[in-house]
Amino acid sequence: MIEVEGVEKSFVTWRKTGRLRRKRIEVHAVADVTFSVPRGQVVGYIGPNGAGKSTTVKMLTGILVPSAGRISVGGLEPSRQRIQLARRIGAMFGQRIQLWWDLPLIESFELLRHIYRVPADRFRENLATYREVLDLDPFLHTPVRQLSLGQRVRGELSAVMLHDPEIVFLDEPTIGLDVVAKERVREFLTKVNAERGVTVMLTTHDLADIERLCSRILMIDHGRLIYDGTVSELVDRYGGERTLVVDLEEPAAPLDVPGARVVKVDGPRQWLRFRRDEASAAELTAAVAARARLIDLAIEETDIEDVVRKIYTSGTDA
Amino acid sequence: MVDTLVVYRRLIGAQVRSQLQYRASFALDLFGAFLISFLDFLAVLVIFHNVPRLAEWSVHEVAFLYAASSISFALCDLAMGHLDDFPKKIRDGNFDLLLVRPRGTLFQVIAADLALRRLGKFAQGVVVLGYALSGLHIHWDLGRVAMLVVMVPAGSVVFGSVWVTGACLAFWTTEGGEFTNAFTYGGNFLTQYPIDIYSTWARRFLAYLVPMAFVCYFPALYVLDKPDPLGLPSFLRFSSPLVAALAALVAGSVWRLAVRHYRSAGG
């Protein structure tokens, strides 16, 4: 569905070096990126700020023309076939408002129906579905400027999906939302992906989004793709540490258990960190139980946030 | 084409409805615009209170020119005045949103608004036209009626083309609103008077570079049956539709060029 081959994007900026002189600086926002996304996949596109995420998405949606390389989205070349492509994709940019600020939500939908030439019956069906799944009814006739952020995002999501796009690009769709609203957005995306086979490319800083939605992660840093694989592989490869939290009957000195190290002690509670390839939770539990009286235990999986932070700070060879 | 018009009507209809939600405020805006532009015409009357003729032009002749320019400009301002805010769209990156929709970008920019309160200026132009015609003894034949009907929209197209071309500056500088205003609002002001009162270089600038002279002056010479004090060829009097088409073509090409620049340079 999406084919990206050796794509580069560089910008020229000018820096003042004197009263009149300026120096030409070429910035490589995206450098030699190659990947492909099959139909129906939900991909998380992640990376620190300024890594080249938005630039990539802008090239995929036809906003920007790549400096080099080849892009095909749904069989079209975005930079040359922008308008044809626009009919088949949906794009939501988290910080930007696509809906008409002064108009009631429903009127924005009506306008989009005409802009995208959505057949009337198709429009009615889609609207009915989104009204139900995203619970739009309470604010369907409210001007967009009066909506809360959560309501607006739900409106924006519906707007993006009204013309039945085959691919949607979502930039930070859950940013600033509360837990309930985030969950609703995720459920909606899961549903449209499962029921309509919509291909989704998601850029986000919220790793819970990724864990919940994405079967695959693409990670970009300094304009280069540094990881392409599943979430669990990522955790295995760059971290793979788990933590066993034990509650002992009474406070004790840090336990000395082979294959694990105590990273924190708080009264009778201790945190033991271990690598999943060096020890199993069962072995460790047995070893702890042999040394102290155990009341309760829990296992904490590594947060991918930790993993990602590790990669971001150490670069490609983490 | 028909489809595009339908979408335009829808987009504008929605905007107009939202403007009309606040009726009192809208009425005040409308009246304010009428009053301000009316005071503007008083300046012309003050001039003629002191001098009987301005470079061989009588007060009613200048009023005719003034009215034609005013109406042309008002129609253009109505449809495209919001291009003044266009540089902001580039600066905050919202232009990107237009590029992911299956419509032309210029169309979307123009169809974003229709400021009805600017009808106040249109109304002023019509009143002034009435005043001008009341004092002129024009021999209305088919040609002159046709010219009056054609010169107004042609003028609007020329103003609009200058506006669009000016807005394109924003793609490079992300600013440029004021610079453009010098040509649009400034052009409106200049074309309200006969161009033979201006110095040679200003005349050339008006006539050829920014084709404002074609907006009203040349067609008005024909309608009023006046000899051209500059002695320019008489076919120029009929050229305004052609010049308008040419100006629109240039504006469209500059816009395309500007958008191409934006898409390769990334704003």
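The model is a predicted one, and its scores are ipTM 0.80 and pTM 0.82. For chain B the average pLDDT is 85, with 95% of the residues scoring at least 70.

**Contact between the chains**

- On the chain A side 23 residues take part in the contact with chain B, and they meet 19 residues of chain B.
- Three elements of chain A, namely α2 (82–88), β5 (89–93) and α3 (105–115), each contribute at least two residues to the side that touches chain B.
- Sorted by class, that side of chain A is made up of 13 nonpolar, 4 polar and 6 charged residues.

**The four-stranded sheet of chain A**

- Chain A holds an open sheet of 4 strands, which are arranged in the order β11-β12-β10-β13 and pair in antiparallel fashion.
- At the edges of this sheet lie β11 (260–266) and β13 (294–300) of chain A, each of which pairs on one side only, while the twist from one strand to the next averages 25°.
- Strand β10 (residues 241–248) of chain A is joined to β13(A) by 6 bridges, and these two strands run antiparallel.
- Within the pairing to β13(A), A:D247 has A:D296 as its bridge partner.
- In general, the strands of a sheet pair through backbone hydrogen bonds, in either a parallel or an antiparallel manner.
- Helix α9 (residues 281–291) of chain A lies across β10, β11, β12 (269–275) and β13 of chain A, and its direction makes an angle of about 155° with β13(A).

**Positive phi outside glycine**

- A:D135, a residue other than glycine, has a positive phi near 55°, and its place is in the loop between α4 (120–133) and α5 (149–161) of chain A.
- Because A:D135 has 12 other C-beta atoms within 10 Å, it counts as exposed, the cut-off for that class being 12 or fewer.
- A:E172, which is likewise not a glycine, shows a positive phi of about 50°, and it sits in the loop between β6 (167–171) and α6 (179–196) of chain A.
- Because A:E172 has 19 other C-beta atoms within 10 Å, it is classed as partly exposed, given that a residue counts as buried if 20 or more such atoms lie within that distance.

Notes
Residues numbered from 1 in each chain as written. Chains lettered and ligands numbered in written order. Predicted model: local features only at pLDDT ≥ 70, side-chain atom pairs only at ≥ 80, totals over all residues. Contact = placed C-beta atoms within 7 Å. Nonpolar A, V, L, I, M, F, W, Y, C, P; charged D, E, K, R; others polar. pLDDT = per-residue confidence, 0-100. Pairing = 2+ DSSP bridges. Axes fitted to C-alpha atoms, helices over the stretch in contact; angles between N-to-C directions.
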